[in-house]
Every structure is written in C-alpha cells, then in structure tokens.
Amino acid sequence: MLGKLARQVDPNVLVGFDKADDAGVYQLTPELALVQTVDFFTPIVDDPYTFGQVAATNALSDVYAMGGKPISALTMVCFPDKSDISILERILAGGLSKMVEAGCTIIGGHSIRDAEIKFGYAVTGTIDPRRVLTNSGARAGDALVLTKALGTGVISTAIKKGTAEVEWIEAATRSMTTLNKTAAEIALKYDVHSITDITGFGLIGHAREMAQGSDVSLRLFASAVPLLPGAMDCVARGFVPGGLQNNRAFASCCVECDASVPEDLHTLLYDPQTAGGLLVSVNQSHAGALVDELRESGISAARVGEVLTMGKPLIHIEH
C-alpha cells in the first residue's frame, strides 16, 4: 500500500520501503546513519515475561540484520482495559531484560486499550553508511550460512493446541529469546555481502527476497538446515500454521524441489519464524571459518546453500 502513495525524494534515504529489506537506513553524515525498524505482535507463548523477551528479541533482530547497533527503543502496547495490569508489568519487564542485554535504551512508548494484547518496539540503531548490509548484495559463488534452527512456527501452533512437548517448548523459547547480536558481530568479521533475518516469510520467503534483490539464484541443501526438536513431529501431526500455508502458496512458484527431499522437510522451509536467525551470504572461502566461530560461540549455525548466477528456478532445493 505504501507503494501506491506519492513518492518522496530524499537523497539521505539509503534503504527505504521500496527495497523490501529488514529495516530503513537514513544517512546523517558521511560516517553515520540511522537504522530504523518496528515490530509488534500478539502473544505466542503463555508466560508474559517470556513473551516480552521474544517481542524485544524479534524487534532488535532487524537492526542486527543490517549490520547496525541498536541504541534506543520505543515501546508499543495494546492491552485490554479490564485485564490484570500485572500481566503487562511482566511483559514490559521481559522486554526490558533483552533491551538491557542488547545495550539498547527504552526511551518511551505508546499504549492503547484493545481487546487483544499486542506488544513490540520501534527500534533505532546506528551504522556506518559505507557498511550497510542489505538483503540485495549476495554474489554468485557465495555460500549461505543460517544461524538458527527452524521450527518456531509449527511448534507455536502445537503450543496453542496444547500438544507441544516440554522439550519442544524449551528449545523454541530458547531460540526466540536469543539475540542475533553475537551472530551479527561475528559475521561482520568476515567477507559478508548480504544478510537478512528469517522471520514471518520463512526461510524460502526471505531467501526469495535475497535472490530477487541480488539478481541471483540460490541452491539450498535441505538436509543441512538445522531444525528445532519436535519441528518434524509437528508437521507430521498436522500442526501447520496458516502463515506457513500462505508462504508456500506465495513463493512456491519460483521454487524447484528435488523428489529426494522429504515432503515434511520441504514444508518446514516455509515455516514462519519468530525472532529467527540470520541468513548470511558470505565469500565461500570464509564460510567454514564463519560457521566454526559461530558454533564455538554456542550458535547452531550451518552452511545451508550457495549463490548461483541468475537462472531458473530462482531457488533450487536439493536433499
């Protein structure tokens, strides 16, 4: 809908909404630019404190995906008029804990009465305008590295149905409350050309944006993609969120999947993630060292594909 509005012309906008990128970038000086993003959603876990942590982790991720450093945040709250205010206090406390971990200061916010709880942040970060990492810089010959396991969407669906096992819930919660801060800092040490974070459009959806923006094709190795405990079980039991089905209906037209790839595994590649990992396009000669350092830091990183010259299909999935 923004694309239907009259165009604004501002040479200081380095990354705007027309780029389908993770955050906007606005240049202030030759050495300094702002990274700006906003994200909020309804509860996906039962515990209010954990929900606040997940919301903050998710909102901060877009700044890290651009190569930026978050510095300030504004809180966004929708809360029912007659609900227990202590629930909101716990949500806010959970969010604050992650903002403190990120070194990002909450400087205010806005709240409204609403029948449904919604919570998130508008986050501002800083970045060197000469080192902005967009989702459109991947180069043929690069390796693709993913920094978190997939499966939060299907596991969240199982949680809502009351059928998720404790191990699944704990692993998904740990993933959704782990900042991408360390992963981004490590990635920036290497010859990285493009980064995006995997959120609502799933691995395939965000890979599609990277491929189209970079004028390249991608090859994904399905068996190399890390999965959360229980993710495959959730798909097998039919705990498939509507967002996954929408992602597949939208993006499958540009995907070719080998028959050797199990159908349940193929399905998970479209799973919408909350506070997912980073997809990094890195010089192939640096990929091994990058993965090793990420794993040494406790990050479940894996080399999951490679970048090809533009061709058809846009994304090819191998076993």
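Residues 24 or more positions apart account for 85% of the contacts (heavy atoms within 4.5 Å) in the chain with a separation of 6 or more. The model is predicted: local features need pLDDT of at least 70, side-chain atom pairs count only at pLDDT 80 or more, and totals for chains, interfaces and linings use all residues. Residues are numbered from 1 along each chain as its sequence is written, and side-chain values use heavy atoms, with hydrogens and water left out.

Display the whole chain first. Its C-alpha trace spans about 55 × 55 × 45 Å along the principal axes. Of its 319 residues, 52% count as buried, buried being under 20% relative accessible area with a 1.4 Å probe and protein chains only.

Next, colour by secondary structure. The chain holds ten helices and 13 strands; these are DSSP runs numbered from the N terminus, helices being H or I of at least four residues and strands E of at least two.

Now select residues 69–79, strand β4, together with β5. The two strands pair in the parallel sense over eight bridges, where pairing requires that DSSP find at least two bridges. Within this pair, Thr75 stands opposite Gly109 in β5.

Of the nine residues of strand β5, the number buried is zero, so the strand lies largely in the open.

Note on methods:
Buried means under 20% relative accessible area, exposed over 50%, partly exposed in between (1.4 Å probe, protein chains only).
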